[in-house]
Amino acid sequence: MLVLAFDTATPAVTAALHDGERVLAESTTVDARRHGELLVPTIETVLRESGASLRDVTVVVAGSGPGPYTGLRVGLMTAQALATSLGVPAYGVCTLDAIAYGSGLTEPFLVATDARRKEVFWGHYQDLRTRLSGPAVDAPRELPGEIPLVGAGARLYAEIVGAARLLDAPEYPFAGALAALAVEQLGERGVREVVESGTHPVLSLPLPIYLRRPDAKVPSPPKKVSS
């Protein structure tokens with residue numbers, strides 16, 4: 001097994017290569033405006049550092065959001081294109097799940113990422129592997145109270161959610177954690193059939209999780225001018 005994982009649903013453009021036992025290489029750049037420019041070079045970096053070629057990859061995994069439309073689309077379209085060209089399966093994993101897994105936490109907590117428009121994407125977790133609810137999008141003040149928080153969205157609105165609730169954990173999804181979480185699931189018997197049925201708790205088809213419509217809108221027809 002050689003899993004190529006990457007995520008572009010947050011400002012972090014991150015990629016990693018996992019051999020089924022450990023992360024061979026990982027690279028991350030935080031830049032909210034250059035997802036399309038950075039993703040392929042980041043993938044090339046982890047392949048080069050691990051001494052592997054793209055032809056060696058047996059599974060592609062991409063963060064499926066939620067996230068801003070443009071950045072999220074870059075990662076998922078790349079996953080679909082690579083899987084098709086290589087003839088290997090591609091899967092999606094909720095980006096919030098990757099952050100939760102990377103936190104290593106064993107008690108209940110919330111993950112929150114920046115959704116822009118003064119809102120956050122969030123999920124409620126029992127532990128690093130178990131999502132209880134979400135993903136959802138809400139104003140920071142509407143998040144459940146008293147529960148500890150991780151993620152860049154939580155830190156961005158620390159004055160609203162309460163700085164004392166913030167835990168020392170990764171703010172972004174790192175591809176090494178994304179790959180490791182996926183690898184735990186890939187050894188299951190019949191995993192592809194479960195994923196295609198839409199009932200797998202972690203893996204999905206590589207399709208975006210959109211919780212609201214994109215900012216861009218189709219222009220309305222011009223108004224008729226009466227004579």
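Is Ala98 buried or exposed? I get 1% relative accessibility for Ala98, so it counts as buried (under 20% relative accessible area; exposed is over 50%, partly exposed in between; 1.4 Å probe, protein chains only).

Ground rules for myself: this is a predicted model, where local features need pLDDT of at least 70, side-chain atom pairs count only at pLDDT 80 or more, and totals for chains, interfaces and linings use all residues. Residues are numbered from 1 along each chain as its sequence is written, and side-chain values use heavy atoms, with hydrogens and water left out.

Back to Ala98, which I find in helix 3 (residues 95-103); helices are DSSP runs of H or I with at least four residues, strands are E runs with at least two, both numbered from the N terminus. Not counting residues up to four places away in sequence, Ala98 touches Pro173, Ala177, Leu178 and Leu181 (contact: heavy atoms within 4.5 Å). Ala98 and Ala177 are 79 residues apart along the chain, with 6.0 Å between their C-alpha atoms.

Next I checked Ser64, in the loop between strand 4 (59-63) and helix 2. Ser64 also counts as buried, at 1% relative accessibility. With residues up to four places away left out, its contacts include Leu72, Cys94 and Pro208. From Ser64 to Leu203 I read 9.7 Å between C-alpha atoms, across 139 residues of chain.

Last, the helix pair: His35, Gly36, Leu39 and Ile43 in helix 1 meet Gly71, Val74, Gly75, Thr78 and Leu82 in helix 2.
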